[in-house]
Amino acid sequence: MEILNLEERQDGTVAFEVDEKGEPWQEALNRVSAARQKKEPVQGYRPGNAPLSIAYNTYGQSMLDQAANEYLAEVIEQVCQEHDYFRLSKPDVAVTEVSLSALRVSVSMVVYPKVNDFDYMGLEVKKPVKTVSEADIDEAVRLYMKGHPRTYKTEREAAMGDIVEVSFTGTCNGEGFDFDHSDKSRFRMGSGSLFAGLDDAVAGHKPGEELDVSLTMPENFHRKAVRGKTLDLHVCILSITAREVEECTDEFVKEKVKNADTVAEFRELQRIRLQKTNDTKSDRAFDRNFQKKLASLVTCHIPASMIEVSVDGFVRQLRQMAAQQGRSLQQVLAERGQTLLDFQKQVYPTAVLQVRVSIALDYVLRKEKLEVSEEAIDQKVQNFMKNSKLPYEKSLARMGGKENVSEKLLQEKAYDFVRSNCKVVEVEVEKIPTGW
């Protein structure tokens with residue numbers, strides 16, 4: 001077996017040449033010839049006994065092509081084993097010569113990146129932290145009180161923030177307008193939740209008053225049935241409910257707040273809640289920084305096919321989310337004002353990051369010789385079963401099979417190993433960053 005000019009290229013491909021004139025090529029031809037003769041005997045010869053030249057006269061070029069394909073499969077497998085390559089693409093084969101006497105071809109294939117050695121122990125990773133301040137608690141209490149106002153019926157003119165109850169009749173683009181709650185609808189002034197522009201029209205009017213309004217709905221209005229259409233309505237104001245923000249006192253807390261009897265206790269509950277939220281955001285930000293740090297250690301070229309697979313994963317997730325909501329992928333993208341290409345470009349940086357992290361973790365698990373047990377694999381499938389309500393075998397199939405489950409567990413183990421050995425550098429911040 002003659003392998004020539006093996007080259008590992010910067011673009012992630014491996015190329016080599018095969019120049020075979022000797023016994024291995026003859027053995028490959030003889031194997032194919034014998035197999036063909038069993039199915040299609042050569043006239044005048046027992047099956048398998050016809051010389052190669054006679055067999056070639058009978059079967060023609062197809063015999064040579066079959067022998068070349070089978071022989072190259074063996075060669076490629078041997079090259080991958082000897083050099084620890086994992087093939088990511090179908091080999092690209094350029095044939096120079098295939099005859100009874102010689103096989104000369106050039107082969108190139110995309111392989112899993114080979115990572116240069118890197119030190120993953122003791123990585124310094126920043127963790128933004130935020131300690132709850134008295135000002136934070138003041139704002140939380142203010143928002144709570146604003147969301148729990150005292151309400152009462154009033155005969156005064158409607159103002160922003162009031163809850164107004166109306167009935168109406170009218171037309172939509174000059175035609176009959178059938179609305180489920182036209183006899184009695186409630187909306188908060190300023191929200192624009194019932195119809196765009198109705199809040200401004202009702203402002204300054206009292207219960208019992210009637211008015212005629214003409215409203216043109218925006219193209220992106222949340223009620224699809226009236227988007228971009230003109231509504232001519234006769235509106236009757238049935239009632240106005242005022243909302244008054246109260247002062248936070250011990251009496252209010254004792255009556256309205258669960259698990260607290262005083263303002264001091266209420267503020268402590270808010271502090272605990274806010275700190276818990278900050279700690280969760282902090283952990284997420286740390287994980288993002290950790291992944292970026294891990295990805296930065298991988299400096300080799302990343303094959304485009306690996307990134308494409310990662311991008312396709314994001315598209316698949318969006319499609320599944322749309323299906324769960326009874327919508328198509330195109331509908332979801334249209335509502336976001338995106339094309340599929342826009343979405344793919346949006347997730348591309350994250351896809352690259354994910355691939356680099358995955359490559360780094362593969363390196364770690366090989367270096368540390370990490371393993372997962374059959375019990376761990378079984379438990380992973382059992383956990384999936386609880387959520388999917390599918391039997392074991394179907395759950396395993398949905399998870400991509402045992403090998404895929406094992407691979408994911410190994411990556412999780414490598415991730416936890418590096419993360420547990422990194423150096424956490426806490427940085428106090430005014431606001432914990434979100435997103436990538």
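This is a predicted model: local features need pLDDT of at least 70, side-chain atom pairs count only at pLDDT 80 or more; totals for chains, interfaces and linings use all residues.

Trainee: How many residues does the largest nonpolar core have?

Mentor: A nonpolar core is a set of buried Ala, Val, Leu, Ile, Met, Phe, Trp, Tyr and Cys residues joined through side-chain atoms within 4.5 Å. Buried means under 20% relative accessible area, exposed over 50%, and partly exposed in between (1.4 Å probe, protein chains only). Here the largest core has 43 residues, and Leu-294, Ile-302 and Ile-359 have the most contacts inside it. Helices H7 (263-296), H8 (304-324), H9 (329-336), H10 (340-367) and H13 (402-420) each supply at least two of its residues. H10 gives the most, with 13 residues. Helices (H or I, at least four residues) and strands (E, at least two) are DSSP runs, numbered from the N terminus.

Trainee: Which residues does Leu-294 contact?

Mentor: Contact means heavy atoms within 4.5 Å. Leaving aside neighbours within four places in sequence, Leu-294 is in contact with Leu-123, Val-357, Ala-360, Leu-361 and Val-418. A second, separate core of 29 residues includes Ala-28, Ala-67, Tyr-71 and Val-98.

Trainee: What lines the largest pocket?

Mentor: On a 1 Å grid over the protein atoms alone, a pocket is an open set of points where a 1.4 Å probe fits, with protein on both sides within 12 Å along at least five of seven lines; lining residues have an atom within 4 Å of a point. Grid points are joined across faces, edges and corners, and a volume is the space filled by probe spheres set on the points. The largest pocket holds about 1,800 Å³. It has 42 lining residues, with Tyr-112, Ser-358, Asp-362, Glu-407 and Gln-411 the closest to its centre. H10 supplies the largest share of the lining, eleven residues.

Trainee: Where does H13 pack?

Mentor: An α-helix has 3.6 residues a turn, so residues three or four places apart point the same way. In H13, the buried residues include Val-405, Leu-409, Gln-411 and Val-418. The buried residues of H13 pack against H7, H10, helix H11 (374-388) and helix H12 (392-398).

Trainee: Is Ser-167 buried or exposed?

Mentor: Ser-167 counts as buried because its relative accessibility is 16%. This serine sits in strand E7 (residues 163-172) and touches, among others, Ser-182, Asp-183 and His-234.

Trainee: What about phi at Asn-173?

Mentor: Asn-173 has a positive phi of about 55° although it is not a glycine. Asn-173 lies in the loop between E7 and strand E8 (175-176), and its 47% relative accessibility makes it partly exposed. Beyond residues up to four places away in sequence, Asn-173 touches Lys-229 and Thr-230. Lys-369 also has a positive phi of about 55° without being a glycine. Lys-369 lies in the loop between H10 and H11 and counts as exposed, at 68% relative accessibility.

Notes: Residues are numbered from 1 along each chain as its sequence is written. Side-chain values use heavy atoms; hydrogens and water are left out.
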